[in-house]
Structure formats: structure tokens, C-alpha cells
Amino acid sequence: MARCRLLLFVAALSSIFGLLHASAGDADPIYSACVDQCEKTGCVGDRCSQHCNFTSGGIPIDGPWYLQEPLYLRWKQWDCLSDCRYHCMLAREDERKKVGLKPVKYHGKWPFQRVNGIQEPVSAALSALNLAMQFHGWVSFFIFVNYKLPFRPNKKPFYEYTGLWHIYAIFAMNSCFWSVIFHSRYVDLTEKLDCSSAVALLGFSLILAVLRVVNVTDEAARVMVSAPLVAFVTTHILYLNCYQLDYGLNMKVCLGMGTLQLILWAVWAGVTRHPSRWKLWVVVIGGALAALLETYDFPPYRGFVDAHALWHATTIPLTYLWWNFVRDDSEFRTTTLIKKAK
């Protein structure tokens with residue numbers, strides 16, 4: 001009897017926590033009834049979903065094999081439930097708008113308008129532009145260091161941070177790539193990859209900021225400085241992927257690492273005589289202002305542009321200016337070392 005009471009208590013406690021974590025939209029009984037009805041009929045008003053004729057694996061419920069869903073549609077992983085949630089969300093938001101109510105979140109997400117199956121088209125497009133900007137900045141840096149700056153007698157660049165910036169570019173482009181994928185279609189896998197790649201980028205950016213600001217050039221010292229940060233970032237990524245995808249904790253970790261490196265660059269820009277320190281100031285101030293968009297959340301304008309999309313937009317010019325500073329830093333450091341060698 002005691003065991004039964006314990007099980008009932010745990011079940012009740014779990015349901016309470018489920019309600020606490022539910023969004024206002026999916027807790028709406030009208031929305032829930034709409035989804036239940038749609039799963040039975042496949043329609044919400046005059047909008048019907050073709051996916052309700054298929055299982056989640058793309059196999060037709062009734063019909064021959066040649067009616068299977070095409071591969072170019074299956075990659076999006078839309079199914080009857082996701083389509084019903086989407087159409088019911090739009091229908092419910094139309095009803096709420098007519099009576100003067102503001103948009104609410106559904107299953108933790110704002111009500112975005114799809115475009116060709118892409119869930120957040122503006123954020124996805126801006127992430128793609130940022131990816132292109134990161135690639136352009138990295139290629140320009142690679143060409144500048146390898147073809148326009150002099151080399152040491154051992155055929156290596158004078159700039160000691162060349163390899164680190166190449167690694168940074170890989171992390172940055174990887175993060176932008178998974179951001180595009182995640183904003184196109186967020187499922188559990190794409191969400192974890194997006195979060196993990198962003199954490200990895202911020203972690204390595206912090207390592208790079210410490211090494212450049214303190215001017216650590218010795219390999220053994222670099223390993224000693226980097227090891228604790230690598231361990232922390234790796235542990236956090238494993239926690240997100242293997243234990244719990246805690247959004248609140250992840251936001252705190254990302255903001256903490258981002259703020260710390262902005263402070264490091266700001267202090268260094270204030271004390272150094274670097275000729276391009278004004279570019280660093282613009283990136284630092286712009287990055288700090290852009291970070292506020294990540295903390296200030298508001299519904300998407302016309303179902304497309306929210307605070308996160310605006311954050312993606314601000315990172316595009318900042319990325320261009322950042323890579324300009326990196327090229328200038330390589331030239332400044334190379335010139336300084338050549339003068340010391342004479």
C-alpha cells in the first residue's frame with residue numbers, strides 16, 4: 001500500500017512539473033482539442049495536411065508503395081502531429097489576435113510562419129549569411145598571412161596565432177552551419193548540435209582571447225591555460241547531450257563565457273597601442289549590445305523576425321569587422337617581431 005502511495009505521489013509530482021514547464025500556448029485547452037481533432041481528421045478548418053496520410057517514417061497508411069512520401073520531403077521530418085500543431089497554432093493565434101490578445105509560445109517556441117517547410121526562415125537566412133561572412137573572413141586571413149606577409153627562415157609565419165585563428169574559423173563556420181540547420185527544422189538532434197557547436201565556439205573564443213590578451217606564445221603554457229577551459233566546455237557539452245538540455249543553465253554558461261571574453265578584449269583595447277584597436281572597440285561594444293537581444297525576448301514581427309533573428313543580423317557586420325581586426329593584428333604582430341629581430 002505504501003508503495004502504491006509513493007508511485008501516485010511521484011506521478012502527481014511529475015505532472016505538476018510538466019505543467020510548470022509547459023508553454024502557455026500548448027496548455028491552452030482550445031489548442032489541445034484542435035490538435036486532437038486534427039490527428040483524427042487531418043484537417044484544421046479548410047487546411048489539411050498530407051502528412052496525416054503517412055506514418056512518421058513516410059510510409060502510407062493506406063495505398064501502394066509508389067505513394068510513399070518523396071525523400072526530399074522526408075528530410076524535414078514533418079509528420080501528422082507536427083503539422084497539426086502548426087496549423088492549430090496559426091488558427092489559435094488568429095483567434096487570439098481578433099480579441100486583442102498577444103502571441104504566446106507553443107512548446108517553448110514563438111509562433112513562426114513557415115516558408116517552404118523552413119520554420120524560422122529569417123534566422124536561417126541570416127545564419128547562412130553569417131556563415132558566408134565567416135568563410136570570407138577566414139579565406140582573406142589565410143591569403144593575407146600566407147601570400148602577403150613575410151615568413152620566418154623555417155618557412156613558418158611570424159604571427160604566432162595563425163593556427164589558432166584557423167581553428168577558430170572552423171568552430172565559427174561549424175556553429176553557423178548548425179544554426180542554419182536548426183532554424184530550418186528544429187528537432188531534438190538539430191537543437192543539441194546547434195547548442196553544442198555554439199558552446200564549443202564560445203569556449204574556444206575565450207581560450208583565444210586569454211592567449212592573445214596575455215600574449216601566451218609558449219606551447220606548454222598554452223596547454224596549461226587551455227586545459228581547464230577545455231575540460232569545462234567538454235563537460236558542459238556532455239551534460240547537455242547526455243543528461244539534460246537545460247536551456248537556463250546553457251544561457252548562463254554562454255553569457256558568462258561571452259561576457260568574460262568581451263571584458264578581456266575591452267581591457268586589452270584600453271591599454272594596448274594596437275593601431276586597429278578602434279575596430280576591437282566597435283566589436284566589443286557591438287557584441288555587448290547584441291547580447292542584450294538574446295536576453296530580451298519578444299514575439300516575431302509578422303511571424304518572421306524576433307529578437308534572435310535581429311541578433312543574427314547584428315553579427316554579420318561585426319564578423320566582417322572582426323576578421324579585419326585579425327588581419328590587422330597579424331600584420332602588426334609580424335612587423336613588431338621583424339623589428340625586434342633586426
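**View A. Two charges over tyrosine rings.** In this predicted model, the charged end of arginine 114 lies over the ring of tyrosine 86, 4.0 Å from the ring centre. Lysine 109 places its charged end over the ring of tyrosine 186, 4.8 Å from the centre. "Over a ring" means NZ of Lys or CZ of Arg within 6 Å of the ring centre and within 35 degrees of the ring normal. This is a predicted model: local features need pLDDT of at least 70, side-chain atom pairs count only at pLDDT 80 or more, and totals for chains, interfaces and linings use all residues. Residues are numbered from 1 along each chain as its sequence is written, and side-chain values use heavy atoms, with hydrogens and water left out.

**View B. An aromatic cluster.** Ring pairs join Phe141, Tyr159, Tyr161, Trp165, Tyr168, Trp265, Trp268, Trp322, Trp323 and Phe325 into a cluster. The count comes to 20 aromatic pairs. Rings of Phe, Tyr and Trp (its six-membered ring) pair if their centres lie within 6.5 Å.

**View C. Helix α7 against helix α9.** Helix α7 (residues 188–214) packs on helix α9 (residues 247–271) at an angle of about 25°, with axes 9 Å apart. α7 is therefore roughly parallel to α9 (under 35 degrees; over 145 counts as roughly antiparallel). Helices are DSSP runs (H or I, at least four residues), numbered from the N terminus. Axes are lines fitted to C-alpha atoms over the stretch in contact, and angles run from 0 to 180 degrees between N-to-C directions. α7 passes α9 in a left-handed crossing (the near helix is turned anticlockwise from the far one by less than a right angle). The contact residues divide into 14 nonpolar, five polar and two charged. Nonpolar means Ala, Val, Leu, Ile, Met, Phe, Trp, Tyr, Cys and Pro; charged means Asp, Glu, Lys and Arg; the others, Gly among them, are polar.

**View D. Helix α9 against helix α10.** α9 and helix α10 (residues 277–295) pack at about 160°, with axes 9 Å apart. The two are therefore roughly antiparallel. Their crossing is left-handed. Contact residues (heavy atoms within 4.5 Å) include Trp265 and Trp268 of α9 and Trp281 of α10. By class, eleven are nonpolar, three polar and two charged.

**View E. Helix α5 against helix α11.** The axes of helix α5 (residues 121–147) and helix α11 (residues 307–341) come within 9 Å and cross at roughly 5°. α5 and α11 are therefore roughly parallel. Their contact has 14 nonpolar, twelve polar and two charged residues.

Key. Phe/Tyr/Trp six-rings, centres within 6.5 Å; stacked < 30°, edge-to-face > 60°. Parallel < 35°, antiparallel > 145°, perpendicular 65-115°, else oblique.
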